[in-house]
Amino acid sequence: MNPGVAVTALVGVSVATAVIGFYGLRISRTTGDFYVASRTVRPWWNASAIGGEYLSAASFLGVAGLILLSGTDALWFPVGYTAGYLMLLLFVAAPLRRSGAYTIPDFTEARLDSLPVRKVTSLVVVLVGWLYIVPQLHGAALTIRITTGLPSWVGSVAVVIVVCLTVVAGGMRSITFVQAFQYWLKLTALAVPILFIVFVLAGNGTAALAPPSANPTGAPPAGLYQNVSLLVALLFGTLGLPHVLVRFYTNPDGQSARRTTLIVLGLLSVFYLFPTAYGLVGRMFAPGLATAGQADAMVLLLPGELVGGTAGDLLSALVVAGAFAAFLSTTSGLVVSLAGVISQDVLGAGVGSFRLAAVISAVVPLGFAFMTDSFALAGSVGLVFAFTASTVCPVLLLGIWWRGLTDAGAIAGMLTGAVLCGGAMITGALAGAASTPGWLAQPAAWTVPAAFAVMVTVSRATSQRIPKTMSKVMTRLHTPERPLATER
């Protein structure tokens, strides 16, 4: 595609993001504004913002690339990403909002009346956030290199600069406006080009280069274990994503938190139709992108491959803008959630500490991104989901629904999940994808049950440590609030 058009698209989405973020500065004044937007975000705004931050590089680029490579095996990704929100609706959204906490460590400390639990939770949340930011920076690097010819590091640095500016400017309230805008930009950036491509192919009577069942890479299909383990990671991992969970603290009450989740389910269902369509069209009409090692860039390249000319350049520019919006929105959501944890637990509460923590939260993963190579975006994010499902998810679910959880059990379970899943991830990275056995490549099927089992077993063995405040906290979590008059 034309590099000048791509650069214009990237600059345009960056400027729009910065302008909307600075608009949020006008109405972000208090600590509550910076951490949770003073808990006044209405369901439609919040749902759009969640869609903006949740639909990351893996969703925008990676899902289509995996469908191109793996066919139906990759459909578990959009199914799992969306179904995870149903789990949120059923088990987490409303109780977490009623907890009154600012962050996940706030919740675990209040539930278990334990400062050590808070510290361990904070460490895990920061690690999860940094692991999740790195693939976004890899995606930005790939996009810049493929579409403009500039060095890869330019994309990663650009994302960090824009995110720091918007988060530091207005915190959570500012980011809410930005992410809501970016969801609809991403949806448009995928929908318009693929519909145009389909109409062009149909009008020209173009024949498929490969049947839908073709395997461009010759890789063996995933087995039952890999598919089940992936689904476990995606379903339970969604429950522990810090940048998603912090969004429920911004709702006025538990009822609006549930309503937000229902809207998100609809928004995600519509969105994932389009990466799936890209993957299928690419598999049928541009299978060469898979063998050329450009599967993750397929969404960016398909308009130029199948349409071409000025129209192809313009459609590609729209896709590039949407892709960059995906990197910006997810990274900004993660930075906000991490800044809340770091500022409260390390730097001290306050707007100034929040701003410094936001810069730290963005710069550290930038260093990791420079030291690592990008691999399949959806696959790398899937491993982050497995890690989250093995650490944060068990303490949240048991903390909300089981009265027997103790601080010792929570710590033991989180550390067990972190060691087992983290060890599997490191071993797989060192061994390489080709030589890693399936049970290590997709560890969630055994690391998640192990974390739950250790948490329950240790809690039963230390039942004398159940906090005296347990009944009061559990009552708050499960007693519906009176809906606000403005929610009618």
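Val7, Val11, Val15, Val19 and Leu150 together make a nonpolar surface patch of about 390 Å². Such patches take residues with over 30% relative accessible area and no salt bridge, nonpolar side chains (Val, Leu, Ile, Met, Phe, Trp, Tyr) being joined within 5 Å and like charges within 9 Å. A salt bridge here is a Lys or Arg side-chain nitrogen within 4 Å of an Asp or Glu carboxyl oxygen, and areas follow the Shrake-Rupley method with a 1.4 Å probe. This is a predicted model, with local features needing pLDDT of at least 70 and side-chain atom pairs pLDDT 80 or more, while totals for chains, interfaces and linings use all residues. Numbering runs from 1 along each chain, and side-chain values use heavy atoms, leaving out hydrogens and water.

Leucine 150 sits in the loop between helix H8 (115-148) and helix H9 (152-204); helices are DSSP runs (H or I, at least four residues) numbered from the N terminus. With a relative accessible area of 38%, leucine 150 is partly exposed, that is, between buried (under 20%) and exposed (over 50%).

Turning to the rings, Phe, Tyr and Trp (its six-membered ring) pair if their centres lie within 6.5 Å, with planes under 30 degrees apart stacked, over 60 edge-to-face and the rest tilted. The count comes to nine aromatic pairs. Phenylalanine 236 and phenylalanine 452 form an edge-to-face pair, 6.4 Å centre to centre with 70° between the planes. This pair links distant parts of the chain, helix H10 (residues 224-238) and helix H21 (residues 444-461), 216 residues apart. Phenylalanine 236 is partly exposed at 23%, whereas phenylalanine 452 is buried at 18%.

Definitions and conventions: Helices (H or I, at least four residues) and strands (E, at least two) are DSSP runs, numbered from the N terminus. Buried means under 20% relative accessible area, exposed over 50%, partly exposed in between (1.4 Å probe, protein chains only).
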